[in-house]
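Hello,

Here is the structure for your files. Please open it alongside this note, which covers the aromatic side chains.

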Amino acid sequence: MNTHAALLLLLLLCWFVQPAVAVEPLEVSLVQLIANPKDYDGKIVQVVGFVNLEFEGNAIYLHQDDYKHAIGKNGLWLDITDDIRKKQADFDQKYVLLVGTFNAKRTGHMGLFSGCIEKISHFQVWIEMTKMPANKSLQPTATAPSVSTN
């Protein structure tokens, strides 16, 4: 009986304990998330887009023009952290690379957006190609403003 109890306890522990291994984010485009929300719902994703940070309007858009013309369905609501809010001026009205969990069911203020990115763990300004030194990769530099929870 003790063997069965120990086995049952071990199975329960395995069931409830989350793996300690970090999950790599899926590198996707906003187009993929908007077009196929069910495929990415609940998954950790990495995206780049134009960010607007304001009361009831925190969002990432495909393009700056989508924000300017209030095309919310071309964007995702952002559930930003206090750390991001504190550095709002560094990120607002800029293209940003971020990592977070995609939630297809949350569509932001008044349902204006095509989903939500929550539990944001990384938020970094994406530099313009024209400002990138020659022979450098497309990844943003370490000097760009960023917030990470890792």
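**Aromatic contacts**

Tyr-95 is partly exposed, with a relative accessible area of 32%. Keep in mind that this is a predicted model.

Tyr-95 has a ring partner, Phe-50. Phe-50 is buried, at a relative accessible area of 1%. The cut-off for buried is under 20%, so Phe-50 qualifies.

A second pair to look at is Tyr-61 with Phe-113. This one is edge-to-face too, at 6.2 Å centre to centre and 65° between the planes. It links distant parts of the chain. Tyr-61 belongs to strand β3 (residues 59–61). Phe-113 lies in the loop between β5 and β6 (116–125). The two residues are 52 apart. Tyr-61 counts as buried, at 6% relative accessibility. Phe-113 is also buried, at 4%.

Now the wider picture. The count comes to six aromatic pairs. Ring pairs link Phe-50, Tyr-61, Tyr-67, Trp-77, Tyr-95 and Phe-113 into a cluster. Both pairs described above therefore have their rings in that cluster, by the ring-pair rule of centres within 6.5 Å.

Best wishes

How values were computed. Residues numbered from 1 in each chain as written. Predicted model: local features only at pLDDT ≥ 70, side-chain atom pairs only at ≥ 80, totals over all residues. Heavy atoms only, no water. Phe/Tyr/Trp six-rings, centres within 6.5 Å; stacked < 30°, edge-to-face > 60°. Buried < 20%, exposed > 50% of the residue type's maximum accessible area, 1.4 Å probe, protein only. Helix = DSSP H or I, 4+ residues; strand = E, 2+ residues; numbered from the N terminus.
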